[in-house]
Amino acid sequence: MRVLLTGANGYLGRFVADRLLADPAVQLTALGRGDDADVRFDLASGSPGALTRFLDAVHPQVVVNCAGATRGGARDLARHNTVAVATVCEALRRSGCGARLVQIGCGAEYGPSQPGSSTAEDAVPRPGGPYGVSKLAATELVLGSGLDAVVLRVFSPAGPGTPAGSPLGRLAEAMRRAMQSGDGELKLGGLGAQRDFIDVRDVARAVHAASLSAAQGVINIGSGRAVRLRDAAAILARVAGYGGSLHELDGPSGGHHLRATIGHPRTDPDHAAPVAYPYPDGCGSWQQADVRTARDRLGWRPRINLEESLADIWMEAACRI
């Protein structure tokens, strides 16, 4: 099976590439902006016609799109998450390769949900920020393209390679600093949010399964269990061997703003200002995926628990100089 993978050097893309390369039946070609890609091409600025010519030459049976941006202003997010996907869809429509498209979406497309609820694929998306809006627009482009396509809505990825700027990455970095300085008390803010964390290696397994399946539409990829960030911090302290106390500092009454984003140590002057929204992903205080569709249509279930994911995050943070 010939597979074209975009975004192979990204956080999720690296693990997807490893998973696909482990399948001896897969012949993988990586397309991206970096020098180490098999083919250099910028989906945000390249023309659909140029991509069509490449598709006709390589003739992949599956295109997996892991490319995109999680940070930046609305313009950059729209270019890398929406315009890029429009280019992919148009190129596939023009091409004679007939490839199946596996698009990586995200849980932020749904926006905030009712605490205690599980969000299924038929929920009306109401993204609470520009990132979720840009990803939802991409999903709508894919669903309306007429292509053989599936969108995997990945909730909160965790595990090795977790970006230092993510909530779990910040928790690990704050704990590393506390242990390095011998600080017996770690003061953190914004730990009340609850998120559905899913290991990146489980996400890669889901992409592999989706590539081989005939499933179409939207499929949630998550653990099916919301975890409070303060509980994740306690697990991280245990796996790290941090013997100090975790002290949570609550935000101002009303909860509209916090002086630090989720997981930022309040004692670090670098992170004390400016004032930031407590939920930068636009998902409010709670997110939990209903993952029954992934089980039923992909034969997929998460295998790696959060403690193992956090242990890998800690191992990388502890090695950081």
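Leaving aside its neighbours within four places in sequence, with which residues is His 59 in contact? In this predicted model, His 59 is in contact with Arg 2, Gly 96 and Cys 97, where contact means heavy atoms within 4.5 Å. Residues are numbered from 1 along each chain as its sequence is written, and side-chain values use heavy atoms, with hydrogens and water left out. Because the model is predicted, local features need pLDDT of at least 70 and side-chain atom pairs count only at pLDDT 80 or more, whereas totals for chains, interfaces and linings use all residues.

**Confidence**
- The chain has a mean pLDDT of 91, and 91% of its residues reach 70 or more, pLDDT being the predictor's confidence in each residue, from 0 to 100.
- Over residues 251–277 the pLDDT is below 50, and this stretch has 61 contacts in the model beyond near neighbours in sequence.

**His 59**
- His 59 is found in the loop between helix 2 (48–58) and strand 4 (62–65); helices (H or I, at least four residues) and strands (E, at least two) are DSSP runs, numbered from the N terminus.
- His 59 counts as partly exposed because its relative accessibility is 34%, given that buried means under 20% relative accessible area, exposed over 50%, and partly exposed in between (1.4 Å probe, protein chains only).
- From C-alpha to C-alpha, His 59 and Ala 215 are 21 Å apart in space, and they are 156 residues apart in sequence.

**Lys 135**
- Lys 135 lies in helix 4 (residues 130–143) and is buried yet has no salt bridge, a term that stands for a side-chain nitrogen of Lys or Arg within 4 Å of a carboxyl oxygen of Asp or Glu.
- The nearest side chain of opposite charge to Lys 135 is Glu 109, 5.8 Å away, while the side chain of Lys 135 reaches the backbone oxygen of Ile 104 at 2.7 Å.
- Leaving aside neighbours within four places in sequence, the residues in contact with Lys 135 include Asn 81, Gln 103, Gly 105 and Cys 106, as well as Ile 104 and Glu 109.

**Strand 9**
- Strand 9 (residues 194–199) is mostly covered, with 6 of its 6 residues buried.
- Gln 194, Asp 196 and Ile 198 on one side of strand 9, and Arg 195, Phe 197 and Asp 199 on the other, are all buried.
- Strand 7 (residues 156–158) pairs with strand 9 in the parallel sense over 3 bridges, pairing requiring that DSSP finds at least two bridges between two strands, and Pro 157 has Ile 198 in strand 9 as its bridge partner.
- Strand 11 (residues 226–228) pairs with strand 9 in the antiparallel sense over 3 bridges, and Arg 228 in strand 11 stands opposite Gln 194.

Technical notes. Lys, Arg positive; Asp, Glu negative; His and termini not counted. Polar contact = N/O pair within 3.5 Å; in protein donor to acceptor, adjacent residues only side chain to side chain.
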